[in-house]
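Work through the exercises below with the structure open. Try each task before reading its solution.

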Amino acid sequence: MRSSRTFTSTITESSKPPPRDGVIDSSATEELLRRDRWIVGGGLLLICALAWAWLLAGSGTGMSMAAMMSWEFPPPAMAGGGGSWSAAYWLLILVMWWVMMIAMMVPSAAPMILLYARVYRHGRKGGAELSPVVPTAAFAAGYLLAWLLFSALATGLHFALEQSGLVHRMTMWSTTAALSGAFLAAAGLYQFSPWKNRCLQQCRSPASFLSTHWRKSRAGALRLGVEHGLYCVGCCWSLMLLLFVGGVMNLVWIAGLAALVLLEKLHRFGHSAARGAGAAMVATGLYLLV
């Protein structure tokens, strides 16, 4: 309750104009820090641009643009058992998954990160307001750490599926309709689960999340970012596993799933969109299985 009252008062204070009789630091550094919204927003835009550029370049896999733009569904069945993975290849696949998650998830997390920056800046009482750039960077880093954990688990699953011949080594898509159908049906059913609804609600309500979980200090910002990231993982992990259906490096599926995540989190009909997508996934999955 105390953190909620503090957060509410912070939002109220942030909506008020700054006092005209306060002390104004006219130095170039302070003037730059007053534009922190542009710094944070520009940083997020740069991160997304670099992540998408890395994906478009093949993420170090050597795949051409044509190989990463398949519209065929279901993908053609083919034998594709993989060989052993070297340590370098493990690292490559881990980085590929993490960069992919950054490209897909940071756009939908941007409103939360920008709101955190605003609340932190205007939540300081007494003296000049402090720049939120460093704490916000810690918050964003915590968010990305949560997706790094997911990427490590996805990399392990990727290895297991490839070694069993269920995912093709080169195309990185499912080699059997049974696996594709099972993943689609499971992801569709998860869209209706209470866990999905709870996590999606946290992602769709930035102010409510911050008022409930607010923590002070940079270490607190990092932990807060991890908590929010884990809610996002809980909301979207099943959607991310659908990349095995259409191709882990298939830009068509990457862009489509990223658009669905944005719709679920940011549109006012996000909950309805999640259920509608879930119904379509279940129907398609059952069709492939039958």
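The exercises cover the fold, the aromatic pairs, the salt bridges and a surface patch of this predicted model.

**Exercise 1. Describe the overall make-up of the chain: how many helices and strands does the chain have?**

Step 1. Count the elements. The chain has 12 helices and 0 strands.

Step 2. Turn to burial. Of the 290 residues, 46% count as buried.

Step 3. Residues 24 or more positions apart account for 81% of them.

Step 4. Check the surface. The accessible area of the chain is about 14400 Å², and 67% of that belongs to carbon and sulfur atoms.

**Exercise 2. Classify the aromatic pair of Trp85 and Phe159, and state which parts of the chain the pair ties together.**

Step 1. Take the geometry. The centres are 5.1 Å apart and the planes make an angle of 75°. Planes over 60 degrees apart count as edge-to-face, so this pair is edge-to-face.

Step 2. Place the residues. Trp85 lies in the loop between helix H3 (36–56) and helix H4 (87–122), while Phe159 is in helix H5 (residues 133–163). The pair therefore ties together parts that are 74 residues apart in sequence.

Step 3. Compare accessibility. Trp85 is buried at 10%. Phe159 is partly exposed at 26%.

Step 4. Widen the view. The structure holds 13 aromatic pairs. Ring pairs also link Trp97, Trp147, Phe150, Phe183 and Phe244 into a cluster.

**Exercise 3. Find the partners of Arg169: which residue forms a salt bridge with Arg169, and over the face of which ring does Arg169 lie?**

Step 1. Find the salt bridge. Arg169 pairs with Glu162, with the closest N and O atoms 2.7 Å apart.

Step 2. Find the ring. Arg169 lies over the face of Tyr89, 4.6 Å from the ring centre.

Step 3. Arg169 is partly exposed at 25%. Glu162 is buried at 0%.

**Exercise 4. Are the side chains of the Lys196–Glu264 salt bridge buried or exposed?**

Step 1. Confirm the bridge. The N to O distance between Lys196 and Glu264 is 2.8 Å.

Step 2. Locate the partners. Lys196 lies in helix H7 (residues 194–204) and Glu264 in helix H11 (residues 251–266), so the bridge ties together parts that are 68 residues apart in sequence.

Step 3. Read the accessibility. Lys196 is buried at 0%. Glu264 is buried at 0% too.

**Exercise 5. Which residues form a nonpolar patch on the surface?**

Step 1. Name the members. The patch is formed by Leu56, Met65, Met69 and Trp71. Together they have about 460 Å² of accessible area.

Step 2. Examine one member. Met65 sits in the loop between H3 and H4. Met65 is partly exposed at 40%.

Key
Residues are numbered from 1 along each chain as its sequence is written. This is a predicted model: local features need pLDDT of at least 70, side-chain atom pairs count only at pLDDT 80 or more; totals for chains, interfaces and linings use all residues. Side-chain values use heavy atoms; hydrogens and water are left out. Rings of Phe, Tyr and Trp (its six-membered ring) pair if their centres lie within 6.5 Å; planes under 30 degrees apart count as stacked, over 60 as edge-to-face and the rest as tilted. Helices (H or I, at least four residues) and strands (E, at least two) are DSSP runs, numbered from the N terminus. Buried means under 20% relative accessible area, exposed over 50%, partly exposed in between (1.4 Å probe, protein chains only). A charge sits over a ring if NZ of Lys or CZ of Arg is within 6 Å of the ring centre and within 35 degrees of the ring normal. Contact means heavy atoms within 4.5 Å. Accessible areas come from the Shrake-Rupley method with a 1.4 Å probe; for residues, only the protein chains shown count as cover. Patches are made of residues with over 30% relative accessible area and no salt bridge: like charges are joined within 9 Å, nonpolar side chains (Val, Leu, Ile, Met, Phe, Trp, Tyr) within 5 Å. A salt bridge is a side-chain nitrogen of Lys or Arg within 4 Å of a carboxyl oxygen of Asp or Glu.
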